[in-house]
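Look over the model shown here.

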Amino acid sequence: MSSSIITPVILCGGGGTRLWPLSRKALPKQFLALAGSDTMLQATLKRVSPEAGFGAPILVCNEDHRFLVAEQARAAGIEPAAILLEPVGRNTAPAVAAAAHAALAHDPDALMLVLPSDHVIGDTPAFREAVAAAARRAVSGDLVTFGVKPTRPETGYGYIETGTALDERAFRISRFHEKPARETAERYLADGRFFWNSGMFLFPARVVLAELESSAPAVAEAVAAAYAGRSSDLDFVRLPKEIFASAPDLSIDVGVMEKTAHGAVVPADLGWSDVGAWDALWAIGERDAAGVVAIGDVVAENVADSYLRSEGPLVAAVGVRDLIVVATNDAVLVAPKHEAQAVKTIVERLRAARRPEAETGALTYRPWGSYQCIDLGDRFQVKRIVVKPGRKLSLQMHHHRAEHWIVVSGTAEVTCDDKTFLLNENQSTYIPQGSVHRLGNPGKIPLHLIEVQSGGYLGEDDIVRIADEFGRA
């Protein structure tokens, strides 16, 4: 590792629509445990932890996912240097620029290791060796990207062509190439000078800002003004929407790396995957002798080269091959492996039809815990609610519904108008329509509760928040 402290910058945006129905807008793939017991964000954080010699990370995410990011960092044992909230999505160049300003606020000589939060890296020691090699170039002012050694003629990735050798590990970038046709990809693979563009970078923060001022001044100017106008909200740094939104939608590849004279690439064999679709998870998964990856409640008979996953109901497959089957509590995907990229078109159709399955799953996460709809009908809804220890929902009221709460396990602290009281296992209470109420968990174990709603309108927008410890309106 370089003597300079490297600040990880983890980009937590992206929708992961090709991994529907598991990945959805409310809970995209970076927040899911798809390739191990940790979520992809947590695995990324642990890969660049302070224990491994890195600085505290800067996380960049959107407003809707801020509590997920903070909670998953806490669960991973990582305390971020900052969590920057993008008020609108503007691609990676504005996100990197905002993070560069934040890094320089902590260290005037900051080196930024920019990482997507949703990639799999199978060989962590090789990754850290590559970072150390990149840092040796970055301290001299180079803007370094990581080229992944290709293992197949992949047409879904961009490529980096290497030029003059700079040292034993790094090369000057000759050219970036867009996603190629199959014949071209086969030529790249045979040539040996072409590497997959991983989307990971190591920059001196001052240099990348200077390059943006030169090659993408509208981005540099808008982000500098937005960062200067930042505000703090709990553990988050907010950037003013009107100013940040004026930045062009531009990637760091196009905005800087394809234009700079200081671009370098460190080739590496990392066991890397961007997990762009279900076939990628099959490729990196633990397959049996027949080539089957089976996760969850799955029974397979005479099945070959398939990815079978259940997050709830039993999935039984007989006599099929080269298939993807993914079942959640509210949706089932069935597709040939070679059509994995086309899952995105299903999500587009669901959105066009305004189907809720495109955006949210049966389980919805909140900063205080989670809830799951168990049943829904005319004038009633049943939810299973989990409240984390020490957390409280907002003090609120509903205009159109009443609620019954039944404690399954744990202890509930209930506020209803002018009364506050405790409920234990198997006890219940009634919250009348229009009552000011609050639910909390004063205990040390999660509170599990069944909520039965009744009324003429049961939407989540029938919540009037009076007080909220998470700063929500």
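Where is the place of Asn91? Asn91 sits in the loop between β3 (82-86) and α3. Helices (H or I, at least four residues) and strands (E, at least two) are DSSP runs, numbered from the N terminus. Asn91 is not a glycine, yet its phi is positive, about 70°.

The model is predicted, so to speak of local features takes pLDDT of at least 70, side-chain atom pairs count only at pLDDT 80 or more, and totals for chains, interfaces and linings use all residues. Residues are numbered from 1 along each chain as its sequence is written, and side-chain values use heavy atoms, with hydrogens and water left out.

The peptide bond from Trp20 to Pro21 is cis, with omega near 10°. Pro21 belongs to the loop between β1 (6-11) and α1.

Now the helices. Two packed helices are described by the angle between their axes and the distance between the axes. Axes are lines fitted to C-alpha atoms, for helices over the stretch in contact, and angles run from 0 to 180 degrees between N-to-C directions.

Take helix α1 (residues 40-47) and helix α2 (residues 66-75). Their axes come within 9 Å and cross at roughly 50°. α1 and α2 are therefore oblique to each other. Here angles under 35 degrees count as roughly parallel, over 145 as roughly antiparallel, 65 to 115 as roughly perpendicular and the rest as oblique. The crossing of α1 and α2 is right-handed: the near helix is turned clockwise from the far one by less than a right angle. Leu41, Gln42 and Leu45 in α1 meet Val69, Gln72, Ala73 and Ala75 in α2, where contact means heavy atoms within 4.5 Å. Five of these residues are nonpolar, two are polar and none is charged. Ala, Val, Leu, Ile, Met, Phe, Trp, Tyr, Cys and Pro count as nonpolar, Asp, Glu, Lys and Arg as charged, and the others, Gly among them, as polar.

Helix α3 (residues 92-106) packs on α7. The axes of α3 and α7 come within 9 Å and cross at roughly 50°. This crossing is right-handed. From α3, the contact takes in Ala93, Pro94, Ala97, Ala98, His101, Ala102 and Ala105; from α7, Val219, Val223, Ala224 and Tyr227. Ten of the contact residues are nonpolar, one is polar and none is charged.

Helix α7 (residues 217-228) also packs with helix α6 (residues 205-215), at an angle of about 125° and with the axes 5 Å apart. α6 and α7 are therefore oblique to each other. Leu212, Glu213, Ser214 and Ser215 in α6 meet Pro217, Val219 and Ala220 in α7. That contact has four nonpolar, two polar and one charged residues.

Next, the cavity. The structure holds one cavity of 30 Å³ or more. A cavity is a set of points on a 1 Å grid over the protein atoms alone where a 1.4 Å probe fits but cannot get out; lining residues have an atom within 4 Å of a point. Arg47, Leu115, Pro116, His119, Ile121, Phe127 and Met200 line the largest cavity. Five of them are nonpolar, one is polar and one is charged.

Finally, Asp269 is in the loop between β12 (263-268) and β13 (272-273). Not counting residues up to four places away in sequence, Asp269 touches Asp123, Ala126 and Lys149.

Note on methods. On a 1 Å grid over the protein atoms alone, a cavity is a set of points where a 1.4 Å probe fits but cannot get out, and a pocket is an open set with protein on both sides within 12 Å along at least five of seven lines; lining residues have an atom within 4 Å of a point. Grid points are joined across faces, edges and corners, and a volume is the space filled by probe spheres set on the points.
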